[in-house]
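Dear colleague,

I am passing on to you the structure we spoke about, with its sequence.

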Amino acid sequence: MAAFGVAQKAPELLSRPTLDTVVAKVDGKNVTAGDIDHIMQGADARFMQGLKQDPLNALRQYFMMARLAEDGTKAKLDQESPLKEQMAYQRLQVLASAFINKERDYYDVTTEQIEAFYKANVGRYQSSRVKLVYIGFKPAAAPNLSPEDAAKLAFQMAHPPNDRSENDAQALAMEIVQKVRAGEDFCKLAEQHSDDPKTKQDCGTFGLVNATTSLPDNLKKVVLGLKQGEISDPIRDISGFYIVRVDGQVLRPLSDVFEPIVQELRQSHLDAYLKELQAKFQPQVLEQGFFLNPDDYMNRAREPIRK
């Protein structure tokens, strides 16, 4: 026994495993890390989750299933209907899915394609540096809103920024636009009139806006269509009007968006390929009864012909 105050020797670290390392013995046979790796290559998410949470039970269940499948093969169950057809259909699905992934992931995208896509979609990679004034009004109920807009409207109706009517808000917004275009200080007008507490104390500074910014689509469309220094007309939202000025524009370099462009081009190639296949394999209707009620048609087709 080590004397008090003398450091104890740390336990030796476990040796680094290899795929040849035997990790368990099941039914009298060694199971190596390589065997488990082989199982993991084809396992579904449920097995992988089970392996992580309870590896002992996961391996037991797998090898039980493997034994039962082996016994089923010996009994030639895989040659009997409908199991034979079910297995063939599952194989078809797996191979088709694998080929779809291969067609997309290994499509050779050229530098020329990438550069052409970037130039044709440059607006998607451009951000506008924006200042804004928000003139709110007390909203009224509106029909045919999306669930998100309906929730937003309900909140705004319960917490309006002021009691201003929509007409009064529009008139004030237009007045501010005219003053800014005439040369008045945008910063002072934002601090004086804006109902947006986040920006009014900072000269109306909102920040960068691009195609993915979380803003109403109609607002983003106007903002991204403005040139540097331009002032928008009042842009209506559910409970107010925005006046926007673009102070500058920033374009993300191709190097920043290279990989997303490659993935989008590959997906576009796959979409075109699948569309072509869909057109090629569009069935020509010869028996209308089948397409009106497939179950009934097939049940009648399976009935033996009475002599």
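What follows is an account of the sheet, the cores, the cavity and a hairpin.

Please keep in mind throughout that this is a predicted model.

I begin with the sheet, which is open and consists of four strands in the order β4-β3-β6-β5, paired in the antiparallel sense. The edges are taken by β4 (205-209) and β5 (235-237), and since each of these has a single partner strand, one side of each is left without a neighbour in the sheet. From one strand to the next the twist averages 40 degrees. Within this sheet, β3 (residues 126-136) and β6 (residues 240-251) are joined antiparallel over 11 bridges, and Tyr134 has Tyr242 in β6 as its bridge partner. Helix α7 (residues 166-181) packs on the sheet, where it touches β3, β5 and β6, and its direction makes about 35 degrees with that of β6.

The nonpolar cores come next. The largest of them has 15 residues, and those with the most contacts inside it are Val133, Ile135, Ile176, Val180 and Ile243. At least two residues of this core are supplied by each of β3, α7, α8 (186-193) and β6, with the largest share, six residues, coming from α7. Ile243 deserves a look of its own: leaving aside neighbours within four places in sequence, Ile243 is in contact with Lys131, Leu132, Val133, Ile135, Ala173, Ile176, Val177, Phe186, Ile231 and Ser232.

A search of the whole structure for cavities of 30 Å³ or more finds one, and the volume of the largest cavity is about 30 Å³. Its lining is made up of Val130, Leu132, Phe206, Val209, Leu215, Leu219, Val223 and Val244, and β3, β4 and α10 (217-225) each contribute at least two residues to that lining.

Strand β1 (residues 22-26) runs antiparallel to strand β2 (residues 29-32), and four bridges join the two; Val26 stands opposite Lys29 in β2. Two residues lie between the strands of this hairpin, in which Asp27 takes a positive phi near 55 degrees.

With best regards

Technical notes. Residues are numbered from 1 along each chain as its sequence is written. This is a predicted model: local features need pLDDT of at least 70, side-chain atom pairs count only at pLDDT 80 or more; totals for chains, interfaces and linings use all residues. Side-chain values use heavy atoms; hydrogens and water are left out. Two strands pair if DSSP finds at least two bridges between them. Axes are lines fitted to C-alpha atoms, for helices over the stretch in contact, and angles run from 0 to 180 degrees between N-to-C directions. Contact means heavy atoms within 4.5 Å. A nonpolar core is a set of buried Ala, Val, Leu, Ile, Met, Phe, Trp, Tyr and Cys residues joined through side-chain atoms within 4.5 Å. Buried means under 20% relative accessible area, exposed over 50%, partly exposed in between (1.4 Å probe, protein chains only). On a 1 Å grid over the protein atoms alone, a cavity is a set of points where a 1.4 Å probe fits but cannot get out, and a pocket is an open set with protein on both sides within 12 Å along at least five of seven lines; lining residues have an atom within 4 Å of a point. Grid points are joined across faces, edges and corners, and a volume is the space filled by probe spheres set on the points.
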